[in-house]
Amino acid sequence: MVKVFERPKSLTGKPFHYCPGCTHGIIHRLVAETIDELGIRETTIGVGPVGCSVFIFEYMNLDFQQASHGRAPAVATGVKRVHPGKTVFTYQGDGDLAAIGTAEIVHAAARGERITVIFVNNAIYGMTGGQLAPTTLVGMETTTSPVGRNQETQGSPVRVSEMLSTLDGAGYIARVSVHDPKHIIQAKKAIRKAFANQMSGVGFSLVEVLSTCPTNWGLHPIEATKWLADNLIPYYPLGEFKVPPAPAKAEREVE
Amino acid sequence: MAEMLMKGNEAIGEAAVMAGCRYFFGYPITPQSELPHYMVKRLAEVGGVFLQAESETSAINMCYGAAGAGARVMTSSSSPGISLKLEGISYMAGAELPAVIVNIMRGGPGLGNIQPAQSDYFQATKGGGHGDYNLIVLAPASVQEIVDLTIDAFELADKYRNPVMILGDGVLGQMMEPVEIRELKVNIPEKPWATTGATGRKPNLINSIYIAPEPCEEHNLRLQVKFRQMARENVRYEDYRTDDAEILVVAYGTSARIAKGAIDRAREQGIRVGLVRPVSLWPFPYEHLAEVAQKVTAVLVVEMSAGQMIEDVRLALNGSKPVDFYGRLGGMLPVTSEILREIEKLAKGGRSNG
Amino acid sequence: MLQEIIMAGFGGQGIMSMGQLLTYAGMLENKHVAWIPSYGPEMRGGTANCGVTISDREISSPVIFEPTAAIIMNRPSLDKFELTVKPGGFILVNSSLIEQKVQRTDIKACYIPANELAEGLGSSRVSGMVILGALLELTKVVSFDSVEESLKKVLPEYRYNLIPLNRQALEKGAGVVRQAMKFAVANPR
């Protein structure tokens with residue numbers, strides 16, 4: 001019998017602790033599949049965030065460093081500079097990357113640091129209890145914007161991909177979503193490009209993945225995917241914001 | 001082996017390179033900037049990496065990444081920058097990562113100024129960052145000692161898998177003295193725990209999160225065992241004219257140098273005074289100090305602070321002797337004649353007014 | 001022997017390098033030496049000073065509170081350091097740039113028109129060396145040969161052609177002091 005589907009070798013098999021309907025599990029799997037396909041599990045070092053995915057190292061079957069809140073790009077820089085031939089990626093949420101870690105992500109991108117960043121944007125702080133994130137939409141209710149984000153006092157949400165794509169050091173920037181199978185397939189392609197780019201020496205690569213948080217959004221998982229499509233995507237348009245001038249060499253090789 | 005005239009800051013850099021350090025992550029701040037200036041050139045010569053980070057916070061986290069990846073790594077700063085690095089230092093202690101962190105202290109609190117100070121003693125020796133952790137803190141008093149202690153610092157960091165701090169001040173960083181630069185045979189230990197890519201082995205993890213309190217307590221207890229071992233094995237001090245001393249001065253770094261000058265002048269007047277200079281501030285030489293102090297009638301602590309190390313001196317003496325203090329604050333230096341005056345007061349049976 | 005020498009002037013006058021040169025020379029003579037710069041914001045304001053300690057014993061403070069000699073290359077430095085010189089010590093004033101006279105009578109003042117003398121040698125850039133020569137003659141802190149030797153240590157090889165000029169400048173400054181001393185002996189007050 002031919003096995004047509006199995007757990008990626010880059011996952012440990014430990015059941016995810018994520019809430020029902022949370023898309024972290026899907027994104028973990030996409031990253032793991034990519035690492036498997038590129039054959040780099042034994043030469044990849046991941047850097048984990050603070051937030052809901054703080055335990056990503058328990059799920060990924062590869063070397064990992066756990067970083068303090070927002071500092072993953074700096075930690076990844078340290079790892080990559082010591083092991084320039086290895087693949088280094090960070091996995092960060094929107095509180096981690098777009099608030100406390102803004103300086104680190106901007107400057108890792110500006111330096112063209114040859115790392116891959118998986119940026120999971122669900123427009124809210126999850127682990128700490130559903131607070132206002134830099135990516136929370138105007139009017140969205142959170143525990144620290146109980147009557148909805150007030151643009152007057154709490155400002156407007158940050159579009160990270162657009163912002164970073166203005167930097168010369170950024171080699172590949174894309175925004176994808178995982179709210180339905182079609183988009184999941186597109187997301188996988190972008191993640192794969194982001195890793196392959198690193199291997200071929202293209203500068204900094206980042207994939208922003210729009211994700212759900214049914215628990216803190218107060219929605220049923222199915223409603224949450226619909227809410228994402230109806231509300232997040234209009235504000236955070238999907239697509240590639242920055243691509244390398246020519247197709248990356250490694251990507252040609254693997255295809 | 002060659003004798004060279006070097007600035008303290010540059011000597012730290014050269015010693016680091018001698019010790020096999022090939023990675024430096026920093027951020028500019030006076031009065032330590034000659035160190036990154038030196039490292040950017042020197043590391044290029046030896047195929048190392050110098051990176052100016054976007055902040056001290058990033059620099060220390062780059063150190064975290066590089067140390068976790070198995071490298072000998074260093075960062076340096078001055079007081080306000082070290083405050084920013086404390087987050088990373090706590091994480092490194094928690095994740096058991098070796099690194100050398102240099103603090104060339106300046107006047108505080110806040111922005112303070114760029115003149116030499118010793119007011120980060122508490123920060124360096126009593127934690128500074130959050131959680132139960134200790135750093136080995138070494139306090140040189142000459143440029144040659146800067147070289148020797150920096151080399152030792154890298155060895156100790158790897159030996160215990162713990163950050164080690166070199167605590168100097170603006171005077172030590174800026175001054176030039178002759179130093180001996182020698183070839184060093186460096187044996188960097190194997191680091192099978194480092195994240196180098198899980199080739200043919202189980203994945204490695206660099207981590208300080210233990211979400212359940214029980215394993216976190218276990219982790220802490222294990223760290224405490226290590227910290228106690230570090231404390232037992234690394235007490236360092238210098239005694240100066242203490243053999244027949246009736247008055248004991250306790251000072252470290254630049255203060256200790258200036259105190260030596262005052263002690264020599266007091267000796268010329270027939271005052272029997274000596275100095276204990278703690279070289280390791282953590283671990284502090286409690287037992288040695290208690291022993292030396294048995295024979296004296298008075299103890300004077302001299303610091304470029306409002307009185308921080310004096311708390312450890314008092315702990316060491318445990319109320320057995322009066323402990324007086326003379327300190328200058330905010331980037332001011334104690335002057336030889338001022339220290340002499342305090343010694344004279346004690347010699348006459350009075351108290352120093354601190 | 002303990003000599004604590006302050007050198008002070010404008011940035012760009014080569015004050016720091018002059019101090020390092022003297023320190024190097026002391027090291028070559030196997031003396032204990034230390035050099036320390038001022039590094040405050042005044043550096044950016046155009047004044048600079050450094051301290052050189054040369055001793056036959058271990059040096060306690062590298063920071064000089066009471067110099068045994070001071071080289072003063074500009075007016076603000078005279079104001080700043082005149083009062084700090086140890087009684088009986090020397091103060092060497094670059095009279096090309098400073099009209100003001102030393103007020104204290106318990107220190108020995110020596111006025112050297114360093115810029116004119118340097119220009120006479122063909123380069124105003126060696127004015128510091130002229131006054132350093134005067135200091136060596138007055139204090140005997142190190143020998144002229146040691147200073148020349150240390151030039152070889154601090155200058156890159158392609159600059160070695162400058163060594164004779166620097167030596168001349170040292171001798172020039174020393175000559176002024178010797179002349180003045182003769183004059184002082186011939187004309188006792």
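The model is predicted, with local features requiring pLDDT of at least 70 and side-chain atom pairs counting only at pLDDT 80 or more, whereas totals for chains, interfaces and linings use all residues. Residues are numbered from 1 along each chain as its sequence is written, and chains are lettered from A, with ligands numbered from 1, in the order in which they are written.

Of the 2 pairs of chains in contact, chains A and B share the most contacts; two residues are taken to be in contact if their C-beta atoms, placed from the backbone, lie within 7 Å. In this pair, 28 residues of chain A touch 35 residues of chain B. At least two residues of the side of chain A that touches chain B come from each of β1 (44-48), β2 (63-66), α3 (72-82) and α5 (102-110) of chain A. Helices here are DSSP runs of H or I with at least four residues, and strands are runs of E with at least two, numbered from the N terminus. The most is given by α3(A), with 8 residues. By class, this side of chain A has 12 nonpolar, 10 polar and 6 charged residues, where Ala, Val, Leu, Ile, Met, Phe, Trp, Tyr, Cys and Pro count as nonpolar, Asp, Glu, Lys and Arg as charged, and the others, Gly among them, as polar.

Strand pairing also links these two chains: β2(A) pairs with strand β9 (residues 205-206) of chain B in the parallel sense over 2 bridges. Pairing requires that DSSP finds at least two bridges between two strands. Gln65(A) stands opposite Ile206(B) in β9(B).

Chain B also meets chain C, through 19 residues of chain B in contact with 16 residues of chain C. On the chain B side, two or more residues are given by each of β1 (2-7), α7 (170-174), β8 (176-181) and α9 of chain B. The largest share, 4 residues, comes from α9(B). This side of chain B divides into 10 nonpolar, 5 polar and 4 charged residues. No contact joins chain A and chain C, and their closest C-alpha atoms lie 29 Å apart.

Within chain B, an open sheet of 5 strands with mixed pairing has the order β10-β12-β11-β14-β15. Strands β10 (237-240) and β15 (323-327) of chain B stand at the edges with a single partner strand each, so one side of each is left without a neighbour in the sheet. Strand β14 (residues 298-303) of chain B pairs with β15(B) in the parallel sense over 5 bridges. One bridge joins Glu303(B) to Gly327(B) in β15(B).

Helix α9 (residues 253-268) of chain B packs on the sheet, touching β10, β11 (247-250), β12 (273-278) and β14 of chain B, and its direction makes about 170° with that of β12(B). Axes are lines fitted to C-alpha atoms, for helices over the stretch in contact, and angles run from 0 to 180 degrees between N-to-C directions. Helix α11(B) lies across β11, β14 and β15 of chain B, at about 155° to β14(B).

Helix α10 (residues 286-293) and helix α11 (residues 309-317) of chain B pack at an angle of about 65°, with their axes 8 Å apart. The contact is made by Tyr286(B), Leu289(B), Ala290(B) and Ala293(B) of α10(B) and by Val313(B), Leu315(B), Ala316(B) and Leu317(B) of α11(B). By class, this contact has 8 nonpolar, no polar and no charged residues.
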